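User: I am new to this structure and would like to learn how to read its features. Could you take me through some of them?

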Amino acid sequence: MMEALAALSLQPCSWIACERPGKAHGGFLKFSKHVGDERKFQKLSLRGASEWDNNAVPRISSCYRKRGVSAVGSENVHAFVDEALVIKRKSEDVAPYLNGRCIYLVGMMGSGKTTVGKILSEVLGYSFFDSDKLVEQSVGMSSVAQIFQERSEAFFRDSESEVLRDLSTMHRLVVATGGGAVIRPINWKYMKHGITVWLDVPLEALARRIAAVGTASRPLLHQESGDPFTKAFTRLTTLAEQRGDAYANADARVCLQHIASKQGHNDVGSLTPTAIAIEALLQVENFVTPKGARASGRRNSYRQA
């Protein structure tokens, strides 16, 4: 039986929407899990750990400095406060319907699964895991790229399935999965123990994100030639064609282009991670509530017909 250990950072506060934590110009927002400094780092076994931190309840607070705030800065602060309040209230609406079920985020590389997943775990009082990190720790290697190079992609996929199998026995987790986790039917069997959410990001936006940070950590991009953006976009296009139907199996879809349109943006890069997390909660709510379940049932009947 494989056992993977994850070193979790349990910092009492997570800073949201400020450029420099501790030096916010207009104010700050923070969520607190009431976790003491002595528990800042703790190792959590995938086996027998489903009750860890179940009593952690996120709390939101805001603090403002009224002097020396520009008009633009003030508007940004108000926008951040609005988002924080919305996500807090929406999480309170959704949580009773989850019944402790895990949330699995799926999507292409660079789609923001880790960033959004951490926000969701904060507001829901869940623990957060990145399945790629768990695979790295379970096999004793520093990166997915190293596993691909020194072992093989097949070895990585086998280890990934083992990690998802173990996670499926637990509750109250938000899990950011690897981009290719959806290609194996067995992984869907494990993830369907919880609720799957697809972060659907336009390919051009993904390519820009990946090119900005480099492709060295993306083993599936190594075979492509050209500048970082072209390399990323070419490979992402192929992967999207291969995985599009698999991603569509998710219980909920978060379309960033749709969110941007609702907010009057032309570029999904203008969206904050909190705005994306709010949409994720809205789509999960549509899936888990009685009204949403009836709508889902009608859609399934249409497909069968």
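**Reading residues and a helix pair**

Analyst: This is a predicted model. We can start with serine 161, which lies in helix H5, residues 153–167.

User: Is serine 161 buried or exposed?

Analyst: The general idea is a cut-off: a residue counts as buried when its relative accessible area is under 20%. Serine 161 has a relative accessible area of 8%, so it is buried.

User: Which residues does serine 161 touch, leaving out those up to four places away in sequence?

Analyst: With that exclusion, serine 161 touches Arg184, Ile186, Asn187 and Tyr190. With asparagine 187 there is also a polar contact between the side chains, at 2.8 Å.

User: Where is glycine 180 found?

Analyst: Glycine 180 sits in the loop between strand S8 (173–176) and helix H6 (185–191). Its relative accessibility is 4%, so glycine 180 counts as buried. Leaving out residues up to four places away in sequence, glycine 180 touches Arg157, Glu160 and Arg243.

User: What about glutamate 279: buried or exposed?

Analyst: Glutamate 279 is found in helix H10, residues 273–288. Its relative accessible area is 5%, and glutamate 279 is therefore buried. Outside the four places on either side in sequence, glutamate 279 touches Val254, His258, Ile259 and Lys262.

User: How should I read a pair of packed helices?

Analyst: Two packed helices are described by the angle between their axes and by the distance between those axes. Here, helix H7 (residues 203–213) packs with helix H8 (residues 228–247) at an angle of about 135 degrees, and the axes are 8 Å apart. H7 and H8 are therefore oblique to each other, and their crossing is right-handed.

User: Which residues make the contact between H7 and H8?

Analyst: From H7 come Leu203, Glu204, Leu206, Ala207, Arg208, Ile210 and Ala211. From H8 come Pro228, Phe229, Ala232, Phe233, Leu236, Thr237 and Ala240.

User: How many residues of each class are in the contact of H7 with H8?

Analyst: Sorted by class, the contact of H7 with H8 has 11 nonpolar residues, one polar residue and two charged residues.

Terms used:
Residues numbered from 1 in each chain as written. Predicted model: local features only at pLDDT ≥ 70, side-chain atom pairs only at ≥ 80, totals over all residues. Heavy atoms only, no water. Helix = DSSP H or I, 4+ residues; strand = E, 2+ residues; numbered from the N terminus. Buried < 20%, exposed > 50% of the residue type's maximum accessible area, 1.4 Å probe, protein only. Contact = heavy atoms within 4.5 Å. Polar contact = N/O pair within 3.5 Å; in protein donor to acceptor, adjacent residues only side chain to side chain. Axes fitted to C-alpha atoms, helices over the stretch in contact; angles between N-to-C directions. Parallel < 35°, antiparallel > 145°, perpendicular 65-115°, else oblique. Left-handed = near helix turned anticlockwise from the far one by under 90°. Nonpolar A, V, L, I, M, F, W, Y, C, P; charged D, E, K, R; others polar.
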